[in-house]
Amino acid sequence: MSDQNVRNAGFTPSGITGGSLASSLMSREARASGGGVPSGGPTSTLQEMGARGTTQSSGYTSSGISGGSRASDTMSKEAIAHGGGVPRGGTTSTVQSISMGGKGGRH
């Protein structure tokens, strides 16, 4: 279900769907970073997963983040960079929320 949730949000094999949650997230992220969408950020991570159908295998599952996975590594790096917590609206929280059918973290 995780991959379908990501696609339902607008991250698809043919790109980001206009007017979708994905396009809204991409717009917010681009404005926050001065006009571009950074590699490794929520938009690029979700688009890669939506295009390839790799949400589950990356460790973002309906029951949480899998230990020893890419998601676990991302969460660890993000927590270290932010003094021990994973920020709301960051890559980990946004990707996990959307993969579970949510709206992602709001900035």
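Helices (H or I, at least four residues) and strands (E, at least two) are taken here as DSSP runs, numbered from the N terminus. By that definition Thr 55 is found in helix α4, which covers residues 55–58. The model is predicted, so that local features need pLDDT of at least 70 and side-chain atom pairs count only at pLDDT 80 or more, whereas totals for chains, interfaces and linings use all residues. Residues are numbered from 1 along each chain as its sequence is written, and side-chain values use heavy atoms, with hydrogens and water left out.

The protein as a whole has six helices and four strands, and from the N terminus on these elements follow one another in the order α-β-β-α-α-α-β-β-α-α. Its radius of gyration, taken over C-alpha atoms, is 13 Å, which agrees with the value near 13 Å that a compact globule of 107 residues would have under the rule of 2.2 Å times the number of residues to the power 0.38. Along the principal axes, the C-alpha atoms fill a box of roughly 35 × 30 × 20 Å. Buried residues, meaning those under 20% relative accessible area with a 1.4 Å probe and protein chains only, make up 43% of the 107 residues. Where contact means heavy atoms within 4.5 Å, 50% of the contacts between residues at least 6 apart in sequence join residues at least 24 apart.

Helix α3 spans residues 42–52 and includes Gln 47. The buried residues of α3 are Pro 42, Thr 43, Thr 45, Leu 46, Gln 47, Met 49 and Gly 50; Gln 47 counts as buried because its relative accessibility is 17%. Setting aside residues up to four places away in sequence, Gln 47 touches Gly 10, Phe 11, Thr 12, Gly 15 and Ile 16. Just after α3, Gly 53 takes a positive phi of about 70°.

Pro 87, by comparison, stands 32 residues from Thr 55 along the chain, and the C-alpha atoms of the two are separated by 20 Å.

Key
Buried means under 20% relative accessible area, exposed over 50%, partly exposed in between (1.4 Å probe, protein chains only).
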